[in-house]
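Biologist: I am new to this structure. Please take me through its labels and tell me what each one rests on.

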Amino acid sequence: MAADAIKALIAALEAGFAEKGEKVVVWADKSDYKDFIRMYVVSDYFKDMSEKARLGEIYSVLESFGAKSLIGKISLCIAMTKREYDQEFGGDVWLGVLDKVYRGMKSRPRVRRLAKAHSRS
């Protein structure tokens, strides 16, 4: 079930962003909890958008391209630009299998996270 859902999510996002003339890279994996899905969506289309607007755009694309029923299965959705991805993970890290990345990833310092959140206001 989860593998088919992941394929459908990726196909819907790729089709939706292609229609907008944008490239998108999606990494999705089955969550540890039931059949939920966690995913990263990387596209320069998100430049100068708030997190809320980015997620709204993703969910809108999913609704428009036949994956509306899968939205409830998403437990984690992180949208970022290519530059943000490179800053967060470094250019040499490709998410591939997400559970390996979560275990090996060191989180950003909390101060930086707070400064980033306040700078968007």
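Biologist: What makes Glu-57 and Lys-20 a salt bridge?

Modeller: The model is predicted, and the distance comes from its atoms. The side chains of Glu-57 and Lys-20 meet at 2.7 Å, N to O. The cut-off is within 4 Å, so the pair qualifies.

Biologist: Where in the chain do Glu-57 and Lys-20 lie?

Modeller: In distant parts of it. Glu-57 is in helix H2, while Lys-20 is in the loop between H1 and strand S1 (25–30). They are 37 residues apart.

Biologist: Is Glu-57 called buried or exposed, and why?

Modeller: Its relative accessible area is 17%. Buried means under 20%, so Glu-57 is buried.

Biologist: Why does Lys-20 count as partly exposed?

Modeller: Lys-20 has 36% relative accessibility. Exposed needs over 50% and buried needs under 20%, so Lys-20 falls in between.

Biologist: How many salt bridges does the rule give?

Modeller: Four. Another of them joins Arg-38 and Asp-29, at 3.9 Å, N to O. That value is still within 4 Å, so the name holds. Arg-38 and Asp-29 are both buried.

Biologist: What about Arg-54 and Glu-84?

Modeller: They form a salt bridge too, with the closest N and O atoms 2.7 Å apart. This pair also links distant parts of the chain. Arg-54 is in helix H2 and Glu-84 is in helix H3, 30 residues apart.

Biologist: Why is Glu-84 called buried?

Modeller: Glu-84 has 18% relative accessibility. The limit is under 20%, so Glu-84 counts as buried. Arg-54 is buried as well.

Biologist: Which residues does Glu-84 touch?

Modeller: Arg-54 and Ala-79, not counting residues up to four places away in sequence.

Biologist: Which residues of helix H3 are buried?

Modeller: Helix H3 covers residues 82–89, and its buried residues are Glu-84, Tyr-85 and Phe-89.

Biologist: How do you know that they line one face of the helix?

Modeller: Look down the axis of H3. The buried residues fall within an arc of 105°, so they line one face.

Biologist: Is Ser-43 buried or exposed, and how do you know?

Modeller: Ser-43 has a relative accessible area of 3%. That is under 20%, so Ser-43 is buried. Ser-43 sits in the loop between strand S2 (37–42) and helix H2 (51–64).

Biologist: What does the side chain of Ser-43 reach?

Modeller: The backbone oxygen of Lys-23, at 2.7 Å. Leaving aside neighbours within four places in sequence, the contacts of Ser-43 include Phe-17, Val-24 and Met-80.

Biologist: What makes S2 and strand S3 a pair?

Modeller: S3 spans residues 74–80, and the two strands pair in the parallel sense over six bridges. At least two bridges are needed, so S2 and S3 pair. In S3, Ile-74 is the bridge partner of Ile-37. The chain crosses from S2 through H2 to S3, and this β-α-β crossover is right-handed.

Biologist: Why is Lys-7 called exposed?

Modeller: Lys-7 has a relative accessible area of 59%. Lys-7 belongs to helix H1 (residues 2–19).

Biologist: How far is Lys-7 from Ala-28?

Modeller: Their C-alpha atoms are separated by 8.7 Å, and the two residues are 21 residues apart along the chain.

Notes
Residues numbered from 1 in each chain as written. Predicted model: local features only at pLDDT ≥ 70, side-chain atom pairs only at ≥ 80, totals over all residues. Heavy atoms only, no water. Buried < 20%, exposed > 50% of the residue type's maximum accessible area, 1.4 Å probe, protein only. Helix = DSSP H or I, 4+ residues; strand = E, 2+ residues; numbered from the N terminus. Arc of directions from axis to C-beta. Polar contact = N/O pair within 3.5 Å; in protein donor to acceptor, adjacent residues only side chain to side chain. Contact = heavy atoms within 4.5 Å. Right-handed = clockwise from strand over helix to strand, strands pointing away.
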